[in-house]
Amino acid sequence: MPKTDLIAALTPEITAIRRDIHRHPELMYDVHRTAGLVAEKLREWGVDEVVTGIGQTGVVGIIKGKGQDSGKVIAMRADMDALPIHEETNLEHRSTIPGKMHACGHDGHTAMLLGAAKYLTQTRDFDGTAVLIFQPAEEGGAGAKAMIDDGLITRFGIQEVYGMHNKPGIPVGRFEIAKGPAMAAADRIHIKIEGKGGHAAAPHNVNDPIVASCALVSALQTVASRNADPLESIVVSVTALNAGEAFNVIPQTAEIKGSVRTLTPKIRELAQKRITEIVDGVMKAFGMKYELEYHLGYPVTFNHAGQTDFVTSVTKEIFGSEAIKTDIPPTMGSEDFSYMLEERPGAFINIGNGDSAGLHHPAYEFNDAAIPVGVNYWTSLIEIAMPPRAA
């Protein structure tokens, strides 16, 4: 049976699984139902080895090709967790859990990799080992790092690793990828400020943390405008400033939170250094006590040159020369697949989700028409990277 027919035959089942996962969204590491379903299907379809509990609730499936002469071990990763968002759709398969939904398409990512698992176990038309990674806690929990810390890379002998994410606005059947830095590092700042509170009518008797906070917010903008090279990408966003409750009381304390996004280690280091210095300087100038927490989050998602060229060639061969765009700029969003790309060479590609609501929107819906496209991409990647030896 031709490959497209095999994929078409399994697509209804994979679509049903995707919609079942959508109905039962789970957050962060608490993806026990989803991980259990994934492991059950992998075993049912004859995956050679199924390992659960990697990085708390991650699942790994091992599929061996008809030959093992190449010695290659290539991994593919999908994320399983949902978001704490209340779904605003009227879909028959909408979330059954208030306040939780698959608003980023991880249900679709999991389904596409499951489809690849079923196809690869049926055909095994490759020489080497395919490793299928089903990861928890991408949405802020660094599940990729947890799986790595639990031995993911070394235990399964992974040599290359690939990831994929749906992207609204790209037509179904099309792809996008950027070589080098594709997504930003995402760090967080949390500043607690203590001055001296008192009556609003007597500001000379207090030390106002709100005034100091406002000065600090303005000063932080100089990191991008006056410290970083104008040709480098950096975002310093203050996203919360909380202080006071009454109209006639100057508060004792204030709190600032923010996000720092960078695309290179050099600028990431500069940002941390200058923010630390600016906070200290402004707080001293206003006579404030303070605590600064600077949390280093996901690193830069860096697509390796050779692997990016390889997946570009795969998409062109399978879907046509116009199916992929490579001249796209990096984005300042972040992705914890970056941890895996720090461990092994690989690439992270975007797959079209059509004209849907944006990611993390309460009306978002993964486009099921992308399922056979994703299955074809994953399986072709394995077959082309590890072609079977001629008899």
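**Exercise 1.** Find where glutamine 56 is located, and decide whether this residue is buried or exposed.

*Solution.* 
Step 1: Glutamine 56 sits in the loop between strand 1 and strand 2 (58-64). Helices (H or I, at least four residues) and strands (E, at least two) are DSSP runs, numbered from the N terminus.
Step 2: Its relative accessible area is 54%, and glutamine 56 is therefore exposed. The cut-offs are under 20% for buried, over 50% for exposed, and in between for partly exposed (1.4 Å probe, protein chains only).
Step 3: Look at the backbone as well: glutamine 56 is not a glycine, yet has a positive phi of about 75°.

Before you go on, note that this is a predicted model, in which local features need pLDDT of at least 70 and side-chain atom pairs count only at pLDDT 80 or more, while totals for chains, interfaces and linings use all residues. Residues are numbered from 1 along each chain as its sequence is written, and side-chain values use heavy atoms, with hydrogens and water left out.

**Exercise 2.** Which residue forms a salt bridge with aspartate 48, and which parts does the pair tie together?

*Solution.* 
Step 1: Recall the rule: a side-chain nitrogen of Lys or Arg lies within 4 Å of a carboxyl oxygen of Asp or Glu.
Step 2: The partner is arginine 124, with the closest N and O atoms 2.8 Å apart.
Step 3: Aspartate 48 lies in the loop between helix 2 (32-44) and strand 1 (49-54), and arginine 124 in the loop between helix 3 (106-123) and strand 4 (129-135), so the pair ties together parts that are 76 residues apart in sequence.
Step 4: Aspartate 48 is partly exposed at 42% relative accessibility, whereas arginine 124 is buried at 19%.

**Exercise 3.** Describe the salt bridges of arginine 77 with aspartate 79 and of lysine 273 with glutamate 277.

*Solution.* 
Step 1: Arginine 77 and aspartate 79 meet at 3.6 Å, N to O. Arginine 77 is buried at 1% relative accessible area, and aspartate 79 is buried at 0%.
Step 2: For lysine 273 and glutamate 277, the closest N and O atoms are 2.8 Å apart. These two residues are 4 residues apart in helix 8 (residues 265-285), so about one helical turn separates them.
Step 3: Lysine 273 is partly exposed at 48%, and glutamate 277 is partly exposed at 34%.
Step 4: Shared partners link salt bridges of Arg18, Arg19, Asp107, Glu365 and Asp368 into one network.
Step 5: By the rule, the count comes to 20 salt bridges.

**Exercise 4.** What is the strand order in the open sheet of 4 strands, and which strands stand at the edges?

*Solution.* 
Step 1: The order is 10-12-8-13, with antiparallel pairing; two strands pair if DSSP finds at least two bridges between them.
Step 2: Strand 10 (234-242) and strand 13 (289-295) stand at the edges, each with a single partner strand, so one side of each has no neighbour in the sheet.
Step 3: Strand 10 is joined to strand 12 (residues 253-262) by 8 bridges, and asparagine 242 stands opposite glutamate 255 in strand 12.
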